[in-house]
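Student: I would like to go through the terms used for this model. Please set each value against its rule.

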Amino acid sequence: MASILMPRCPLLKTHLETRASRVTTVSTVFLRNAARMESSTAANATADSAGIAQGTESAAADILVQYVVLRRDLIDTWPLGSVVTQGCHASVAAIWLHKDDPDTLQYCSASNLDSMHKVTLEVKGETQMLNLSDKLKVGGIAHKLWIEQPENIPTCLATKPYPKSLYHHFSKA
């Protein structure tokens with residue numbers, strides 16, 4: 001979200017700093033939930049039919065979300081446009097790498113095109129970005145770590161779209 005890129009706004013700064021400090025802790029919860037994703041795939045078919053019966057409450061809980069994680073040190077030192085561009089690169093790459101995935105197809109469908117959901121978070125620097133990428137790999141979370149070339153700098157990370165119910169603990173960071 002654009003608000004993460006406006007750290008000098010007094011009303012948002014405290015909220016964003018608190019949110020950013022919990023990224024690493026919350027990613028652990030995210031990874032625990034990720035271990036359930038494979039078994040949840042089969043359960044989702046049953047849950048989807050049950051969700052129709054439960055109405056809009058279930059539909060709202062299962063919106064598709066893509067996470068984008070930026071480096072705080074780059075937000076503070078690079079031009080805003082460059083940081084936004086890194087997030088765009090990672091987001092598009094994650095979508096393209098998983099273009100045949102059912103969740104990605106739904107996320108990019110004509111009916112959802114004007115209501116995509118993204119959550120933008122931050123980590124302190126390169127080490128934390130690489131650690132998060134490793135944890136997501138171990139947890140089976142499909143993502144793209146964007147490495148800016150020719151400098152070979154890991155700048156951003158984006159997940160493929162997932163139903164929010166599969167990682168709602170992460171989204172509450």
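Tutor: Two strands pair if DSSP finds at least two bridges between them. Strands are DSSP runs of E of at least two residues, helices are runs of H or I of at least four, and both are numbered from the N terminus. The model is predicted: local features need pLDDT of at least 70 and side-chain atom pairs count only at pLDDT 80 or more, while totals for chains, interfaces and linings use all residues. Residues are numbered from 1 along each chain as its sequence is written, and side-chain values use heavy atoms, with hydrogens and water left out.

Student: What makes β1 and β5 a pair?

Tutor: Two bridges join β1 to β5 (residues 162-163), and the rule asks for at least two, so they count as paired. They run antiparallel, and L64 faces P163 of β5.

Student: How do you know that β1 also pairs with β2 and β4?

Tutor: Seven bridges link β1 to β2 (residues 117-123) in the parallel sense, with V65 opposite H117. Three bridges link β1 to β4 (residues 153-159), and these strands run antiparallel; there, V68 has A158 as its bridge partner.

Student: Why is β1 called largely enclosed?

Tutor: A residue is buried if its relative accessible area is under 20%, exposed if over 50%, and partly exposed in between (1.4 Å probe, protein chains only). In β1 (residues 64-71), eight of the eight residues are buried, so the rest of the structure largely encloses the strand. In a regular strand the side chains alternate between the two faces of the sheet. On one side of β1 the buried residues are L64, Q66, V68 and L70, and on the other they are V65, Y67, V69 and R71, which leaves both faces covered.

Student: Why is D62 called partly exposed?

Tutor: D62 has a relative accessible area of 31%, so it falls in the middle class. D62 sits in the loop between α4 (56-61) and β1. Its C-alpha is 5.0 Å from that of P163, although the two are 101 residues apart in sequence.

Student: What makes D62 and S165 a polar contact?

Tutor: Their side chains come to 2.3 Å. The rule asks for N or O atoms within 3.5 Å; within protein, one must be able to donate a hydrogen and the other to accept it, and residues adjacent in sequence count only if both atoms are side-chain atoms.

Student: Why is the contact of E122 and R72 called a salt bridge?

Tutor: A salt bridge needs a side-chain nitrogen of Lys or Arg within 4 Å of a carboxyl oxygen of Asp or Glu. E122 and R72 are 2.8 Å apart, N to O, so the pair qualifies. It joins distant parts of the chain: E122 is in β2 and R72 in helix α5 (residues 72-77), 50 residues apart. Both E122 and R72 are buried, and a network of salt bridges links R72, D76 and E122. The whole count is five salt bridges.

Student: What makes K160 a member of salt bridges with D101 and D103?

Tutor: The N to O distance is 2.9 Å for K160 and D101. For K160 and D103 it is 3.6 Å. Both values are within the limit, so both pairs count. K160 lies in the loop between β4 and β5, and D103 in helix α7, 57 residues apart. K160 has 5% relative accessibility, so it counts as buried.

Student: How do you know that K160 lies over the face of Y162?

Tutor: The rule wants NZ of Lys or CZ of Arg within 6 Å of the ring centre and within 35 degrees of the ring normal. K160 lies over Y162 at 4.0 Å from the ring centre. K99 lies likewise over the face of W96, at 4.3 Å.
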